[in-house]
Amino acid sequence: MPKSDKVVEVDKAVKDDDKKDDKEILRVGTAVRRRRRALELTLAVVAQRSGLSVPFLSQIENERARPSMRSLQRVAEALETTAVQLLAAADSALSVDLLRAADDPGLELGSGVRPLVRGHHQLHAVEFTGMQDAGREYQHRNDELMYVADGAVEVEAEGRAYRLSRGDTLHLSGGVRHRWRATEPDTRIVVVAVAEHIDAADESRR
């Protein structure tokens with residue numbers, strides 16, 4: 001006897017949920033690697049704590065292997081967290097968020113300053129318009145990129161002055177001391193930086 005349309009729809013919904021769960025568990029590797037690095041643990045230490053092999057943990061982190069829920073729980077315990085929290089972090093690790101020019105990003109930074117990314121992520125992006133003057137000197141832990149969309153900017157970095165015009169880009173590596181100011185009324189600058197909470201160390205050092 002053929003299944004009713006309702007039963008078929010239920011079966012399809014269950015299969016779709018299973019596929020979604022599979023994808024979440026697969027991409028949990030990003031969250032596992034981020035958590036391990038935050039605790040400054042090596043793969044060998046996590047392997048010892050969890051009872052899983054280093055190669056298998058490496059495959060999980062690089063999303064080439066899908067751990068069972070039991071294995072994920074063992075990894076979570078080794079990382080002093082829970083499987084639920086790792087899955088939640090994995091769910092936010094892959095996201096697409098469109099922010100329209102008229103949208104409210106949910107964060108007020110002052111007149112002429114607009115966040116270009118909502119929420120707390122690995123990258124910060126801010127747009128500055130008008131005669132902005134950063135005033136004080138900055139020194140960020142990670143890299144920063146400044147792009148002049150319109151107008152002109154003066155930047156002082158490590159004692160050297162730079163004059164930027166429309167279309168110019170300035171890259172500042174982490175640790176560089178700098179200050180900047182707009183020199184034309186119609187200036188518009190986009191600054192993108194790796195978030196301070198991110199460890200952007202070379203992969204070869206891990």
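Colleague: How many aromatic pairs does the count come to?
Modeller: This is a predicted model: local features need pLDDT of at least 70, side-chain atom pairs count only at pLDDT 80 or more, and totals for chains, interfaces and linings use all residues. Residues are numbered from 1 along each chain as its sequence is written, and side-chain values use heavy atoms, with hydrogens and water left out. Rings of Phe, Tyr and Trp (its six-membered ring) pair if their centres lie within 6.5 Å; planes under 30 degrees apart count as stacked, over 60 as edge-to-face and the rest as tilted. By this rule the count is 1 aromatic pair.

Colleague: What kind of pair do the rings of Phe128 and Trp180 form?
Modeller: The ring centres of Phe128 and Trp180 are 5.0 Å apart. Their planes stand at 75°, so the pair is edge-to-face.

Colleague: How many residues apart are Phe128 and Trp180?
Modeller: Helices (H or I, at least four residues) and strands (E, at least two) are DSSP runs, numbered from the N terminus. Phe128 sits in strand β2 (residues 123-129) and Trp180 in strand β8 (residues 177-182). The pair links distant parts of the chain, with a separation of 52 residues.

Colleague: Are Phe128 and Trp180 buried or exposed?
Modeller: Buried means under 20% relative accessible area, exposed over 50%, partly exposed in between (1.4 Å probe, protein chains only). Phe128 and Trp180 are both buried.

Colleague: How many salt bridges does a search of the whole structure find?
Modeller: The criterion is a side-chain nitrogen of Lys or Arg within 4 Å of a carboxyl oxygen of Asp or Glu. Over the whole structure, the number of salt bridges is 9.

Colleague: Which residue forms a salt bridge with Glu127?
Modeller: The closest N and O atoms are 3.4 Å apart. Glu127 lies in strand β2 and its partner in strand β1 (residues 113-115), 13 residues apart. Glu127 counts as buried, at 12% relative accessibility. The partner is Arg114.

Colleague: Which residue does the side chain of Arg177 meet in a salt bridge?
Modeller: The N to O distance is 3.7 Å. Arg177 lies in strand β8 and Glu137 in the loop between β2 and β3, so the pair ties together parts that are 40 residues apart in sequence. Arg177 is partly exposed at 40%. The partner is Glu137.

Colleague: How far apart are the closest N and O atoms of Asp150 and Arg188?
Modeller: Asp150 and Arg188 form a salt bridge, and those atoms are 3.3 Å apart. It spans strand β4 (residues 144-150) and strand β9 (residues 188-194), 38 residues apart in the chain. Arg188 is partly exposed at 31%. The distance is 3.3 Å.

Colleague: In what order do the 4 strands of the open sheet lie?
Modeller: Two strands pair if DSSP finds at least two bridges between them. Here the pairing is antiparallel, and the order is β3-β8-β5-β6.

Colleague: Which are the edge strands?
Modeller: An edge strand here pairs on one side only. They are β3 (138-139) and β6 (160-165).

Colleague: How many residues does the largest nonpolar core have?
Modeller: A nonpolar core is a set of buried Ala, Val, Leu, Ile, Met, Phe, Trp, Tyr and Cys residues joined through side-chain atoms within 4.5 Å. Val28, Val32, Leu57 and Leu86 have the most contacts inside the largest one. Helices α2 (28-38), α3 (43-50), α4 (54-61), α5 (69-78) and α6 (83-93) each supply at least two of its residues.
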